[in-house]
Structures are given as structure tokens and as C-alpha cells.
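Take a look at the structure first, then read on.

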Amino acid sequence: MGKLVKYFLYLAAGFVVLILAAVFIAPKFIDVQKYKPLLEEKVAAATGRSVSLGGDLNVSVFPWVGVSFSDFEMGNPKGFDGEGFVRVKSFEAHVKVMPLFSKEVQIDSFVLDGPEIYLEKKKDGQANWEGLSRGKESEPAKTQTPPTETSEDFALKSIEVGEFSLLNGKVIYIDRELGVQKEITGITLQLKDVSLERPIDLIFNAVVDGKAVTATGSFGPLGNTPGKGVLPLDMTLKAVDELTAKIKGRVENTAGLLAYTFSLDVEQFSPRKLMSTLGIDFPVVTADPAVLDKVGLGLNVSGGTAAVAITSGKLLFDDSSLDFNANVAAFSPLNLVFEGNLDAINLDRYLPPKHDGGGQTVAAGEPERKSAEKIDYAPLRKLTLDTKVTIGQLIVQDGKIENVQVKLTASNGLITISPFSMDLYQGNMSSSAIVNIQGQEPVTEVDLKTSAVQVGPLLHDFVKKEMLEGTLVSDISLTMKGDTPESIKKTLNGKGEMLFKDGAIVGIDLAGMVRNAKASFGLAENISEKPRTDFAELSAPFTLTNGLFTTPEASLLSPLIRVTVSGSANLVNEVLDMQVRPKFVATLKGQGDTEQRSGIMVPVLVTGTFTSMEFTPDLAGLLQGGIPDVESLKKTIEQEITSEKIAPKEQVESLEKEIKSLIGIPSFPFNKK
């Protein structure tokens, strides 16, 4: 029995000697170079590209498992200009064998030197990186149930790396479809102090079109199960001495169900200078070329691959500041909750420049929409939105708006805007709208109310017109269908009432039309002062039926003047058909006067188009009105302005002057008791 054990030990020792001899001696005598053609063939079959290994191929087994090669090249598919898709000057890696059995990884070096990647996209859209994983057609792989592994099966005790470097890398990108060529050179990546227990330092450098980009920082420790658990990050990115961004946080389960929490801080920079330094044209043309010259961003982010939440967001751009929070519950279809507060912004500075004729240019690279082009609302029907935005001060089209509040929600093809309110020229506007996009064309319902809005300054700022003055109170309800101006005007329906108080119609002198038809209708000499009709109250009820605006009896109440307007305005063909019926009445009452008054009727017809209105006397109405009895008017007015009714002398004298001008007589004595 003892001899048997002795012989067995001799045999085992012999096997060990043979194995050690094979490990240490065999690589010295085996010519691995002759296996290069076989290796090239296998890689080519797997990638579908030509492969060549021009330099030496070296393999070591013990005590370090190592491989090194040089002058590797993978070719392009046929039809591409570049000679190679990937080139590598040299590669070298060495891993110690024995520690692997105890789950300890010791890497002496991992060095990739001179990698070059050539990316090309032809005019027909075909790219040389497409189909890279497809080699020769093979049989479909059989479905297999992967064995269940626990995280402990892959746990490592330690990792130690002497050198991990990527040196002198280059990436060239050519898009012949868009005529774009970009080049990134000097790509260097170094990892220092690599282990499982300590943070790993990272240094990255590259030159993008001649401009330096760097990233420095640390990540880790990795822990005993890399890819699982928590991975801290602390990185700083710098680009062309213009942009500095800092990211600090952590990533969890990079190899599984990804989760992350980090803060992002982008120091203030100039997007215009950054893109100019990179040699890139600024993508938008703005009316003010000085905007978008100062931008900064800070926020906290948490989430995973399916959802993300942003808190404490702050965006600074030029003279504006936006505080915001957002929560994306799903990306496809989008489910977004957003809340933002913007302090102030002048939108006119960010809009495209105006043409000489006052219109706006189309932004660079933005195609004009064809009238026949249909909008696909299918993606919008899937949106789920709950957003709220407030703006302290807003300037648009030179108009000034304050305290804007907008709440927009979307679900199942219904987009609701409620409330939409703002402070507007000493008054307030509130509105709500529902846009139904469940069908092929949107159907919109709008309710609008205004209170105490000063119309004169509003029109002057927004439309550069002086047409109307006064305080506006309105209540309007509208419905419409379609998404083009033509379809909206044809389907515009609704009703409402606009009430203007203590104002004037600028450009029309109704009193002049009453007393002097020849002068008022452009047949007399021109006058230097702009005509106007002051009023105490102007009420305009209306209905809209398929784009036809109709008012049964809009009325204007003013001392000595009463005006009613009836007729229609066709919004589709922009044609007017109105009759203005002014009266001279012997009363000082204006606003709030509901008593029926008698006087001189001089009708005026308003015809023509929106851009070219025509005012002509209604001769039939003029004849029906008759000639005023001046003495009768005198007695009536004297009764209206007795001392018991009007005490101030100045007001009586002003009234006397107005009546003289109105009825065209040299004197009109009053009883001034």
C-alpha cells in the first residue's frame, strides 16, 4: 500500500512538472504568428468586415496572462471612401494568473495606443457603422434559459491595476448628406489608483476641431460586486475655456436596474462664444444679437431609465431667471409634471428679426410650413401633462404684461388651459380654453373675460394703432375648428359683449358727420387735427356664425351724441356692411343713461374692407331725419342745464361751446342763473 501511494505521488509530481513546462516553455517554442490568419478570418466572419493584423502577435501565459499586438485594422464596407473603419497602433494587457483563483484581479497594464475610428455617412443616408454585428448569415440561436447566478458568485476580493491608459485616440466623422465633417483628436483616458476599496481618479482629454475638452474627477469605490450597489461620482467637465459643468452624486446598479441621484451645476457661460469658438454657426437668429450670451444652470436629478425627477432647478439666461421643478413619470408616451416661475423676460429680443414690412423672418434651418401640410396629432393624443407656469413680467410685441399665470394639462387628446390670467394695462384678463385633438382636426373652445383694461395704451403698444380709447370690460365665448387661419375663420362661432367706458373713437368724428356731411366724408379741405369721437359708454354685443360677425345694436352714449351701430363684418372675405346711426340729443347724460332720447338722425354707411374702410352718408336716412328745429332744441337744452341740475359755470360754458360747434350757429344763449 505504501509503494502504491509513493508511485501515485511520483505520477502527480510528473504531471505538475509537465504542466509547468508547458506553461513556461511552450510559448517559447510555439509560433503563434501562424495563427494570425485564422484569427483574422474569425474576426472578419463575426463582423462582416475585412480584418488584418500587420504587426506581431504575442501571447504569454504564466505568471501573467498577456496579449499584445500592433497595426490592427478593420476595413470599411464597399462603397465608402475611407480605407479603414478602425485602426489600432498597438495594444497590450497583462493579468496575473494565480490571484484569479482567489477572485483577486491584478492587472499589470492595459494600454491601447493610437486607436482611430472613421465614421462616414453617405449622401443616401447609409453609414459605415451599420450592420457591424452582422457577419455571415447563421442559424438562429436556440433559446436557452440562463442559469441563475447570485451576486456572490461574481464577487471579487480585490482589483489592483498598475496602468490603465487609452492614448492618442482619434475619431473622424463625415456626413456627406449634410456636408458636415468633425474631427476629435488627442483622445486620452487615464485611470489612476484603481481598486475596489478606494475612489478611482479619472483624467480625460480631447481636442474637438482644434479646441480642448477635459474631464477630471473620481468615481467609486466600486465595491466587491462592480456593477451592483452604489457608485459615487464627482466629475468636472471643461470645454474650450468657455464651459464648466460639475456633476456630483451617485449611480446604483449600473449592471441592473439603473438608478441615479446627482446635482448638476453649469457655471455661467456664453453659448454664442462657445459655438463661435467651436466654429459652429449659432442655430437661431434673434432680433437682439446680444441675447443668449449669458446662461447658467443648476438642478438636482434623481431617477432611472424609465422616470426622472428634477428639483431645485434654476436657469439663468441673460437678464431672466427661471426656477422650476419637473417630474417625468414616463418617457414614451410622455407623462410630465412641470412647475416653473419666470421673473421677467422680453420675448421680442428672442424672436426672429422683423422684415422691413414688419413681418418676421424664418429662423435659420427652419422650413416654412406649407398650407397644405397636415399636422399629425397622434403623438399629442398620447401626452399626459400637468404644467403650471407663472411670469412676473412679460414683454411681447412691445406690449407689457404682468403676473401671468398659465396652467396647462393634457390627457387622452384633451388639452386644457385653465386658468390663463394676467394683469394687463391697469386691468385684468382671465381666460380658459379646451383643445380637443381626438379627431383629425382640433376643436377649440375659448372663454375670455377682461376687466378695467385701458384700451388705448394696449393698442398703441401691441398693434401700433390709435383707434380706440377707454376702459374695457368684456365677456366672450368662442368655438372654432381647424389649425389654419382660413379654417378657423370659417368655423368661428360664439357670442359676447364688449363694454368701453370713458373713451373715444380715434379717426372718426361723428359729431362732424352730423353737422357737416361734406367735411366729414372727405369732400372739404383737410384738417390738421386727428378726428375723434369722445364717449362715456360704448357697448358692443355681438354674435359669430361661421366667421360672420354680427352686432344687432352696438351703442355709443355721449353728452349730446347717441350712436347705434348694426350690421356685419365677414371675417372670411374681410368685408364690412355696417350702418351707423348718430343722434344729436339735448342731454348731458352719457354713461348710465337709459332713457330714450329724440334728436337729429344722420345715418352713416360703413362699407369696404378691413384694410380700406369707406364712410358714406346714408342719403335716404338723412332725408328721413328732417331739418332740426333750432329753437325747439334750444328750449330743450335750457331745461336740461338749469342751475339745479348743473351748478359749475365752467361746465355750462363748455357745453355751450360744444353745441355751437355741433349745430353750426354763431350764438346760442343759455339761461345762466
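Is alanine 452 buried, partly exposed or exposed? Alanine 452 counts as partly exposed, because its relative accessibility is 30% (buried means under 20% relative accessible area, exposed over 50%, and partly exposed in between, with a 1.4 Å probe and protein chains only). Keep in mind that this is a predicted model, where local features need pLDDT of at least 70, side-chain atom pairs count only at pLDDT 80 or more, and totals for chains, interfaces and linings use all residues. Residues are numbered from 1 along each chain as its sequence is written, and side-chain values use heavy atoms, with hydrogens and water left out.

**Positive phi**
- Alanine 452 isn't a glycine, yet its phi is positive, at about 60 degrees.
- Alanine 452 sits in strand E23 (residues 443-454); strands (E) are DSSP runs of at least two residues, numbered from the N terminus.
- Glutamine 426, also not a glycine, has a positive phi of about 65 degrees.
- You'll find glutamine 426 in the loop between E21 and strand E22 (427-436), and it counts as exposed at 74% relative accessibility.

**Cis prolines**
- The serine 332 to proline 333 peptide bond is cis, with omega near -5 degrees, and proline 333 is in the loop between strands E17 (320-330) and E18 (335-346).
- Serine 418 to proline 419 is a cis bond too, with omega near 0 degrees; proline 419 belongs to strand E21 (residues 414-424).

Notes. Helices (H or I, at least four residues) and strands (E, at least two) are DSSP runs, numbered from the N terminus.
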